[in-house]
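Subject: Structure for your reading

Dear colleague,

Please find below the structure that I am handing over to you. My notes on what was found in it follow directly after.

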Amino acid sequence: LKGLLDQDDDLHMAVRSLTFRWIPSLVVRSMIKTTYNKLCAEEVEDVAQGVGQGREEQREWYRRAFETGGISDAQVLEAVRDFRRVLPGLEGMYSEQEYALGGSLTLADLQYWVLVERLDMVGYPVEQEFPNLHRMYARLQPRVLSLGALHPAPLPLRVLIAITAGYRTLTSQRLIDLMEARSPAVWKATALGSLAVGLVAFGIKFCFAY
């Protein structure tokens with residue numbers, strides 16, 4: 001069980017990279033600056049031993065994000081490589097059994113459920129790349145939520161990501177677009193914005209004409 005939990009914990013920074021990338025940039029930069037300064041001011045030794053969420057690893061993650069002004073394409077693709085390195089093992093495990101440890105629901109299953117929920121939220125194609133892992137997520141969702149111990153991603157986080165979802169879809173700046181090396185099409189948003197301004201101006205002029 002400890003090995004499975006450590007494996008999930010080791011992906012925490014990769015999950016954070018994807019989550020922060022798809023929050024509006026102004027909000028992200030403020031969050032990163034505040035947390036980075038706080039971590040730098042702390043004179044605390046690592047509480048973890050080389051995995052996941054120790055102070056040293058958190059400081060390094062926030063340092064990179066602070067220096068680049070957000071989450072770079074390179075960090076996103078690095079996170080994707082981490083998932084593609086680890087998740088095939090889980091995909092194979094859930095293809096042979098319902099639960100991580102075979103007979104019953106354990107903390108490992110709950111942690112992997114949270115992992116898939118976060119990846120689903122930011123648009124990672126879990127169902128296409130890891131169908132057995134995604135089936136586990138869908139199968140356990142009613143049971144996990146009924147336990148009351150876990151909840152979906154916080155509402156403010158989901159709202160922040162949803163705010164930019166339409167824009168990213170329109171301009172080909174979704175996670176799947178980056179994964180498949182599609183070029184952003186920001187001109188579409190510019191054209192749509194210009195059209196909207198033109199229509200508003202025409203509407204105002206039409207109203208005053210009558």
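Of the 210 residues in the chain, 40% count as buried, where buried means under 20% relative accessible area, exposed over 50% and partly exposed in between, with a 1.4 Å probe and protein chains only. This is a predicted model, in which local features need pLDDT of at least 70 and side-chain atom pairs count only at pLDDT 80 or more, while totals for chains, interfaces and linings use all residues. Residues are numbered from 1 along each chain as its sequence is written, and side-chain values use heavy atoms, with hydrogens and water left out.

The chain has 11 helices and 0 strands; these are DSSP runs numbered from the N terminus (helices: H or I, at least four residues; strands: E, at least two).

The average pLDDT, the predictor's confidence in each residue from 0 to 100, is 78 for the chain, and 77% of the residues score at least 70. Where pLDDT is low, the predicted coordinates should not be read in detail.

Helix 7 also holds E127. This residue counts as partly exposed because its relative accessible area is 48%. Its C-alpha atom is separated by 9.5 Å from that of V116, 11 residues apart along the chain.

The largest nonpolar core has 52 residues. Such a core is a set of buried Ala, Val, Leu, Ile, Met, Phe, Trp, Tyr and Cys residues joined through side-chain atoms within 4.5 Å. Those with the most contacts inside it are L18, F83, L87, Y112, Y124 and L175. Leaving aside residues up to four places away in sequence, Y112 touches L4, Q7, D8, L90, M93, Y94 and M136.

Among contacts between residues at least 6 apart in sequence, 69% join residues at least 24 apart.

Yours sincerely,
A colleague

Definitions and conventions
Contact means heavy atoms within 4.5 Å.
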